[in-house]
Each structure stands twice: as C-alpha cells, then as structure tokens.
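Please work through the exercises below with the sequence and the model side by side, trying each task before reading its solution.

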Amino acid sequence: MTTLLDGKAFAARLRLRVAEAVTELTAAGGPVPGLAVVLVGEDAASQVYVRSKGRATREAGMASFEHRLPVDTPQSVLMALIARLNVDPTVHGILVQLPLPEQMDTAAVIAAIDPAKDVDGFHISNVGLLATGGRAMVPCTPLGCLMLLRGALGSLRGLDAVVLGRSNIVGKPMAQLLLAEDCTVTVAHSRTRNLADLCRRADILVAAVGRPGMVPGDWIKPGATVIDVGINRVSDGQGGSRLVGDVDFDTAASVAGAITPVPGGVGPMTIACLLANTVTAAARASDLPEPA
Ligand code: NDP
C-alpha cells in the first residue's frame with residue numbers, strides 16, 4: 001500500500017501550531033511576529049504568492065507588511081527599503097519575492113537582508129550556518145520536505161537519500177538537511193551519469209528538477225519515500241493547463257511506499273514553514289524560547 005503524503009493537511013496542522021506559538025509568544029511578553037514581503041514588478045505568479053503569503057500571515061495572528069515597487073525600481077531604492085526593514089522592530093521576517101527584475105543584482109539584495117530576519121534562509125550566513133550545523137534560518141521548501149519525511153518515516157538515520165537538483169533554494173539545502181539527519185546523501189544534476197540506477201538505490205528520493213514527469217516509476221526503489229518538489233504547468237489536452245510534478249505520479253505511486261502529490265504535497269508546506277520561520281525569528285529577537 002502506498003501512503004499519500006497529504007501536504008495540504010500537514011500544512012494546515014502546522015499553521016495551527018504556528019498560530020498557537022504566536023499566542024504563546026505574545027503571552028510571554030514577546031512581540032506580535034511581523035513578516036514584510038517585498039515584491040518588485042508585476043509578475044503574475046509572484047503576485048499570487050505574495051497575496052497568499054499575506055493572507056496566511058494574518059490568519060496565523062501575525063502582522064503582514066506588503067511593499068510593492070514598480071518593475072523599473074532602481075536597486076538603490078530596494079536597498080534603502082531593506083535597510084529600513086532591517087531596523088524596524090515590528091518586522092521580524094523579510095522576504096524579497098524572487099525572481100527580481102533584470103536590473104537587480106539578486107545576490108547583493110539577499111546579502112543586504114539582516115540574516116536574523118532572513119526567513120527565506122538564502123543569506124550566505126544562513127547557508128553557512130546550515131552547512132556547519134549552526135542555528136540557521138532554513139529555506140522553507142526543503143524544511144517543508146524534511147517535515148513531511150519525518151512525519152512519514154520518523155527517524156531518517158542511515159537511509160540512502162538521492163536529491164535530484166542542486167539549486168541554492170531547494171537541492172543544496174535539502175541535501176544539507178538530510179545529511180544532518182544522518183542520511184547518506186547523493187546530489188544529482190543535469191550532468192549526473194546513470195541517473196536511473198542512482199535513483200533506484202534511494203530509500204528517500206527528492207525530485208527538484210523542474211521537468212514534468214521526468215522520474216518514472218521504474219526509477220523508484222519499491223517502498224521508497226518520494227518527495228516531489230517540482231511544480232510544472234502542462235497542457236491538459238483540452239485547451240487548458242494543469243500542474244504536475246517532476247515525478248510521473250501514476251507509475252511512481254504503485255512502487256513508492258509513500259509519495260507527495262502535485263499539487264497538494266510540498267507546495268502548501270512552503271508557506272507554512274515561512275510562517276514558522278517568522279515566529280522563530282521573533283522569538284530569537286526577544287530572547288524567548290523558540291517554538292518546538
Ligand atoms: P532550478 O532550475 O534552479 O534547478 C533545477 C535543478 O535540476 C538543477 O540543479 C539542474 O541541474 C537539475 N536538472 C535539470 N534537468 C535535469 C535532468 N535532465 N537531469 C538531472 N537533473 C536535472 O530549479 P529549482 O530548484 O528552483 O526548482 C525545481 C522545481 O521545484 C521547479 O519545478 C520549481 O517550480 C519547483 N519549486 C517548488 C517549490 C514549492 O514550494 N513546492 C519551491 C521552489 C521550487 P544543473 O544544476 O546541472 O543545471
């Protein structure tokens with residue numbers, strides 16, 4: 001029997017726990033956690049993400065601040081805004097929605113965010129802390145994947161994990177998190193040889209590639225736990241479109257022990273983890289215990 005890892009239900013429970021943590025934090029004399037989201041330009045997908053992040057933040061009892069800048073904003077203006085948010089005591093998390101317009105230097109923008117408020121976990125200080133076992137802000141998507149894995153498997157110790165994809169926002173931090181859980185981790189990418197054989201050895205397979213249905217069922221070890229990070233829009237054959245993952249769900253579901261669907265798997269976890277990171281940042285800012 002394959003278990004469907006229902007990220008939507010898991011994320012709903014996590015969001016409830018976050019709301020409780022907000023109540024506990026304020027009852028202990030801490031601040032109302034505040035999340036500032038900065039959107040530069042009018043990218044349609046980014047606008048949807050920013051709206052849903054704001055809504056989820058408010059629903060969890062936190063303060064939401066949205067800053068929308070025109071697409072032709074000079075980088076200096078964005079940097080000045082980040083500098084203000086860095087010292088604003090009501091803001092505990094800062095998220096600059098990516099991708100940024102072409103005239104912006106994304107690395108410089110991320111580097112300008114106070115690492116303690118970097119709830120995306122992309123600042124090089126947090127990347128370094130994650131790699132060295134320190135108290136990092138952990139990127140939300142891989143953190144959500146880890147929570148789903150722990151929920152499905154309990155301890156991950158000693159398991160063979162293959163991470164497909166080596167991006168800074170998903171693949172690499174995912175690999176670090178799995179290593180910290182005592183997995184034996186292989187990171188694969190577009191130049192990896194014998195990808196199918198490699199995947200077939202994995203007790204845990206995390207696919208973060210951005211290629212619809214790239215991983216068929218016969219690449220999966222029977223009983224493996226499969227986390228599909230991919231979000232790909234494809235034609236539905238009737239003039240519309242639908243979302244699919246990087247894993248061919250229909251063939252994979254009959255082999256895997258547990259698998260995330262797309263949509264409704266990793267996606268909902270990402271925003272829930274953003275909220276959790278913001279509460280953690282607020283607790284740390286006031287030297288109060290971090291939520292469990
Ligand atoms: P990137 O494009 O930054 O990275 C893709 C990775 O996949 C690269 O490392 C690339 O290798 C590798 N890759 C590409 N083609 C192949 C191939 N044929 N064989 C093996 N490896 C390959 O993507 P992201 O990490 O940003 O995102 C990956 C997917 O996850 C996307 O579908 C994205 O939409 C989704 N996503 C979902 C989120 C969520 O909340 N659920 C959040 C973030 C992303 P190389 O380095 O060699 O180029």
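The model is predicted, so local features need pLDDT of at least 70 and side-chain atom pairs count only at pLDDT 80 or more, while totals for chains, interfaces and linings use all residues. Residues are numbered from 1 along each chain as its sequence is written.

**Exercise 1.** Work out in which order the 3 strands of the open sheet lie, and which of them stand at the edges.

*Solution.* Begin with the terms: strands (E, at least two residues) and helices (H or I, at least four) are DSSP runs numbered from the N terminus, and two strands pair if DSSP finds at least two bridges between them. The order is E3-E2-E4, with parallel pairing. Strand E3 (63–69) and strand E4 (93–96) each have a single partner strand, so one side of each is left without a neighbour in the sheet. Next, follow the pairing of E2 (residues 34–40) with E3, where 7 bridges join the two parallel strands; the partner of Val 40 is Leu 69 in E3.

**Exercise 2.** Locate Pro 70 and decide whether Pro 70 is buried or exposed.

*Solution.* First, Pro 70 is found in the loop between E3 and helix H3 (75–87). Then apply the cut-offs, by which a residue is buried if 20 or more other C-beta atoms, placed from the backbone, lie within 10 Å of its own, exposed if 12 or fewer, and partly exposed in between. Pro 70 counts as exposed because it has 10 C-beta neighbours inside 10 Å. Finally, the C-alpha atoms of Pro 70 and Pro 268 are separated by 28 Å, and these residues are 198 apart along the chain.
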